[in-house]
Amino acid sequence: MSTTVNTATADRLIEQQRHEWPMCGRNFDALQQVRVKELQLPGVTFKVQFNPGRIASSGAKVDAKAIAERPCFLCERNRPDVQRGIDVEGRYTLLVNPFPIFPRHLTIPDNTHTPQRIAGRITDILALAAALDGYVIFYNGPRCGASAPDHMHFQAGNADFLSLPAAVDKAPQETVATEGTATLKLCTALPVRTFVIDAARAADAEALFGRLLAAMPVREGDEEAMMNVLAMARPHGTMRLIVIPRKRHRPSFYGTEGPGCMLISPASVDLGGVIITPREADFESVTAADIMRLIDECCLNEQEINNIARNVH
Ligand SMILES: [Zn+2]
């Protein structure tokens, strides 16, 4: 996939939409005053962002019935007239996310209403990462934070915003497999355990990712192994995928009522180092221990991720 989309056209779209779409403009403006605190986890600093605009996403009902009953907000016919997009090769549309977390935040839906699946899309996400230098492109699995699990989409935000990629860069990694220019490594030194694929050619990354995907367990009732994926351009024209395998959609303490309940629904951004709390009480009370518990419950332990690595053929 080659594309005429680039960082300048994406940045310009954000500026235009902020001015011509009042709700979008207000939400981006509000982000500048948003409260943030830092929590130190082993090897990586997490930020917590109090972002009331995200209540609809964090509190979203994503069961099949609720999804079937609502008009899909990513389908062109349901989008507000004021929301403009940039075509990406007739296959995707670059949109501004009107409920931003990042100072620059994009949503990139497929042009057809087709389920959220990553298989066969690695060359696409890497092409977007190469075209949108300075952005991290990310994928939330259908039960891993996607608020439209029925409509395939990526998102993008400022590359320097998430703390996990830099921490992964510094952490020890163990080579698991190679394919052409691509290398698959395992990183278990951080609380969020990940696979890392580095490649010079997207096709090699896609082939190696396919081998990883085949080794990841698919839970009963699911159609895809649970995961979040981050993609980014690297120096010297190489590209990187960070794959975060998951085992649970939301932590046991997810909710709005009862002692210890917090409305935190982890997706790529949260596990990438920026925890979103739409409720102020959760922002005030959440501790590093709570985030470690969330990671323990939703991500893989060392044995579980090692089992996947051993099954990559
Ligand atoms: Zn749709």
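Two strands are taken as paired if DSSP finds at least two bridges between them. Helices (H or I, at least four residues) and strands (E, at least two) are DSSP runs numbered from the N terminus. The structure is a predicted model, in which local features need pLDDT of at least 70 and side-chain atom pairs count only at pLDDT 80 or more, while totals for chains, interfaces and linings use all residues. Residues are numbered from 1 along each chain as its sequence is written.

The protein chain contains eleven helices and 13 strands. Its C-alpha trace spans about 50 × 50 × 35 Å along the principal axes. The radius of gyration of the protein chain is 18 Å, which agrees with the value near 20 Å that a compact globule of 313 residues would have. This radius is taken over C-alpha atoms, and the globule rule is 2.2 Å times the number of residues to the power 0.38.

Strands β1 and β2 pair in the antiparallel sense over seven bridges. Two residues lie between the strands of this hairpin, where Gly-43 takes a positive phi near 85°. Within the pairing, Lys-37 has Val-48 in β2 as its bridge partner. Val-48 stands opposite Ile-275 in β13, and the bridge partner of Gln-49 in β13 is Ile-276. In a regular strand the side chains alternate between the two faces of the sheet.

Together these strands form an open sheet of three, in the order β1-β2-β13, with mixed pairing. Its edge strands are β1 (35-41) and β13 (274-277), each of which pairs on one side only. Neighbouring strands of this sheet are turned by 25° against each other on average, direction ignored. Axes here are lines fitted to C-alpha atoms, for helices over the stretch in contact, and angles run from 0 to 180 degrees between N-to-C directions. Helix α10 (residues 288-298) lies across β1, β2 and β13 and runs at about 70° to β1. Contacts of this kind are assigned to two residues if their C-beta atoms, placed from the backbone, lie within 7 Å.

A second open sheet has ten strands in the order β3-β4-β5-β7-β6-β11-β12-β10-β9-β8, with antiparallel pairing. The edge strands are β3 (86-88) and β8 (174-179), and each pairs on one side only. Between neighbouring strands of this sheet the average turn is 25°, direction ignored. Helix α7 packs on the sheet and touches β8, β9 (182-187), β10 (194-199) and β12 (239-245); the direction of α7 makes about 155° with that of β10.

Strand β4 (residues 92-96) is joined to strand β5 (residues 105-109) by two bridges, and the two run antiparallel. Leu-95 has Thr-107 in β5 as its bridge partner. Five bridges join β5 to strand β7 (residues 153-158), again in antiparallel fashion, and here Ile-108 is partnered by Phe-154 in β7. Strand β6 (residues 135-140) pairs with β7 in the antiparallel sense over four bridges. In this pairing, the bridge partner of Phe-138 is Gln-155 in β7.

Two helix pairs were also examined. The axes of helix α1 (residues 7-20) and helix α2 (residues 22-31) come within 5 Å and cross at roughly 110°. That makes α1 roughly perpendicular to α2. Angles under 35 degrees count as roughly parallel, over 145 as roughly antiparallel, 65 to 115 as roughly perpendicular and the rest as oblique. Gln-17, Arg-18 and His-19 in α1 meet Cys-24, Gly-25 and Phe-28 in α2. By class, this contact of α1 with α2 has two nonpolar, three polar and one charged residues. Ala, Val, Leu, Ile, Met, Phe, Trp, Tyr, Cys and Pro count as nonpolar, Asp, Glu, Lys and Arg as charged, and the others, Gly among them, as polar.

For helix α5 (residues 122-131) and helix α7 (residues 202-215), the axes come within 8 Å and cross at roughly 140°. Helices α5 and α7 are therefore oblique to each other. Ile-122, Thr-123, Leu-126 and Ala-127 in α5 meet Ala-202, Ala-203, Ala-205, Glu-206 and Phe-209 in α7. The contact of α5 with α7 has seven nonpolar, one polar and one charged residues.
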